[in-house]
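Reader: I am new to this structure and would like to be taken through it step by step. Could we look at it together, one question at a time?

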Amino acid sequence: MHGALEDITKTVGNTPIVRLNKVTKDLPPGIEIYVKCEYLNPGGSHKDRLAWNLLRRAEEAGLQPGGTIVEATSGNTGASLALLATIRGYKCVFVMPDKMSQEKVTNLRAFGAKVVMCPTAVDADDPRSYYKVSRRIADETPNSFYANQYHNPANPEAHYLWTGPEIWKQTKGDFDAFVAGLGTGGTVSGTGKYLKEKKPEIQIVGVDPVGSLYYDFVKTGRITKPFSYKVEGIGEDFFPTTMNLKILDDIVRVDDKECFLMTRAMTREEGLFVGGSGGAAVAGAIKWAKTVGPRLLAAKKGQGSLKILVFLCDGGQKYVSKIFNDDWMRENGFLDDEPGIGTVADILHLRSKRKIVTTTSSAKVKDVIATLKQLGISQLPVVDKGKLKGIISEVDLLRHMVSGPKTASSSIAALLESDYATVTPDTKIELLQGVLADARAAIVTEGDAVVGIVTKIDLIDYLAKKSAEVPVVKPKASKKRPVKKANGARERRA
Ligand SMILES: Cc1ncc(COP(=O)(O)O)c(C=O)c1O
């Protein structure tokens, strides 16, 4: 038929770029944010481009139709591979972590794919992890192809060959920054490489959720303790080889609540029905624009506005039972009317008189021992020129004095450790228990600044004080009538 395409896969790409008009209202004048709507791809995300390139490369290497595609996927790569497999005649087996939304699982099964679920809360090296299980299934299935999006160079290549050139063609290079969430790194590494080749001054900015490894590694070079978070598709607890962190000019981090509130705002205010990582990317871009934007705008010396292009990966339909469900949002403390047991800021507030004490990597062992002793604390964040470098604790000093060089006047530079997690003042206290189970301490940062440190005893102290706040009141005989609350619950006036 005239005007018809050969099959649905021909609709992948050429996704529109749209200006944001409302969620950006607090930005300084002259800064504009645009979004690339990858969620409008037929498979529902940018992974349609990846699936095309993975299969193209596999077929070049000898894969024949009729074979089985196996992949560890949080859903989107699976959806894209499943769509392509349908058209091209392959079977699919997908292995997913169990935190993923039911919609994503159902979506894959709708295409006839087999889905295997694995526990989320295990290390990537654990034989039960979805990375390991998918590898084993691929090894055991004859005539199979392990798509391996975390380590397959065809992943960033898809974005280098396709996404980057497409954006360049659409915009004619008329923008200053490209912002994308960081998952496998395929998007940012491939698109970023192409854009940098065309216009080296384009800023490539990654957005990482609190709990993921990337942010701390880019900022400090340290592999800190990852912990779990709810936003899907971005952040990692290991380093995929498809990620080229060197391509980044900057990285910002966002927490679940700001991701989800922005996701909702994008839908309600901009008409863009995006998933959580889209909200994350826009929230991150706005944060970045507020801090770095004015300086970059000034550097343009009146030559037009500062234009930021944000990559929106998938759509909101897959998250209707979570981000777009008030009960789920409230249960998880993401709505303001349900504050939960508080945030890290509340713990810091409780000890507001105690100023954060830090040291520097050039400090002497004996001086740090004296500080720890004097303050009765066990560890100190190490900060050089305002940037976090690591943590030093009594265990490290003990090791140095017992089995190491035993020199009290040497510097602590070689003794710094990474077994802490970083959180923000907005991190929910519910998360801290998991964080501190595995890490010595949670260092609280705001941008680059270290604003606090929280240890197990601080958490216990806070929770104990909090529970003491709820007095056991003996009911008194009162003539006053109970007041009816709007939700129907009855409450007594004090
Ligand atoms: C919803 C969503 N957003 C963002 C990403 C990150 O993209 P990339 O893997 O190219 O870094 C993914 C990847 O899984 C995703 O599924």
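**How the domains meet**

Author: To begin with the contact between two of the domains, 24 residues of domain 1 touch 24 residues of domain 2. Please keep in mind throughout that this is a predicted model.

Reader: Which element gives the most to the side of domain 1 that touches domain 2?

Author: That side of domain 1 has, by class, 9 nonpolar, 9 polar and 6 charged residues. With 8 residues, the element that gives the most to it is α5.

Reader: How does the domain assignment divide the protein, and how far apart are the C-alpha centres of domain 1 and domain 2?

Author: The assignment gives domain 1 (14–43 + 154–331), domain 2 (47–146) and domain 3 (344–468). Between the C-alpha centres of domain 1 and domain 2 the distance is 25 Å.

Reader: In which sense does β2 pair with β10, and over how many bridges?

Author: Strand β2 (residues 31–37) is mostly covered, with 5 of its 7 residues buried. Strand β1 (residues 17–19) pairs with β2 in the antiparallel sense over 3 bridges, and there arginine 19 stands opposite tyrosine 34 in β2. With strand β10 (residues 306–312), where isoleucine 33 stands opposite isoleucine 308, β2 pairs in the parallel sense over 7 bridges.

Reader: Which residues of β7 point one way and which the other way?

Author: In a regular strand the side chains alternate between the two faces of the sheet. In β7, 5 of its 5 residues are buried. Ala177, Val179 and Gly181 point one way from the strand, and pointing the other way are Phe178 and Ala180.

Reader: Which residue of β8 does alanine 180 stand opposite?

Author: Strand β8 (residues 203–209) runs parallel to β7, and 5 bridges join the two. In β8, the residue opposite alanine 180 is glycine 206.

**Around the ligand**

Reader: Which residues come nearest to the ligand?

Author: The shell around the ligand has 4 nonpolar, 12 polar and 2 charged residues, and helix α6 (residues 186–198) gives the most to this shell, with 3 residues. Of the 18 residues around the ligand, those that come nearest are Gly183, Thr187, Gly233, Ser277 and Cys313.

**Single residues**

Reader: Is glutamate 232 buried or exposed?

Author: Glutamate 232 lies in the loop between α7 (214–220) and β9 (250–254), and its C-alpha atom is 9.2 Å from that of glycine 183, although 49 residues separate the two along the chain. Because glutamate 232 has 27 C-beta neighbours inside 10 Å, it counts as buried.

Reader: Is lysine 172 buried or exposed?

Author: Lysine 172 is found in the loop between α5 (154–171) and β7 (177–181), and has a positive phi of about 55° although it is not a glycine. Because lysine 172 has 7 C-beta neighbours inside 10 Å, it counts as exposed.

Reader: Which residues is methionine 329 in contact with, leaving aside its neighbours within four places in sequence?

Author: Methionine 329 lies in helix α11 (residues 326–331) and is partly exposed, with 19 other C-beta atoms within 10 Å. Leaving aside the neighbours within four places in sequence, the contacts of methionine 329 are Phe260, Ile323, Phe334 and Leu335.

Methods. Residues numbered from 1 in each chain as written. Predicted model: local features only at pLDDT ≥ 70, side-chain atom pairs only at ≥ 80, totals over all residues. Near = placed C-beta within 6 Å. Helix = DSSP H or I, 4+ residues; strand = E, 2+ residues; numbered from the N terminus. Nonpolar A, V, L, I, M, F, W, Y, C, P; charged D, E, K, R; others polar. Buried ≥ 20, exposed ≤ 12 C-beta atoms within 10 Å, placed from the backbone. Domains from an automatic or database assignment. Contact = placed C-beta atoms within 7 Å. Pairing = 2+ DSSP bridges.
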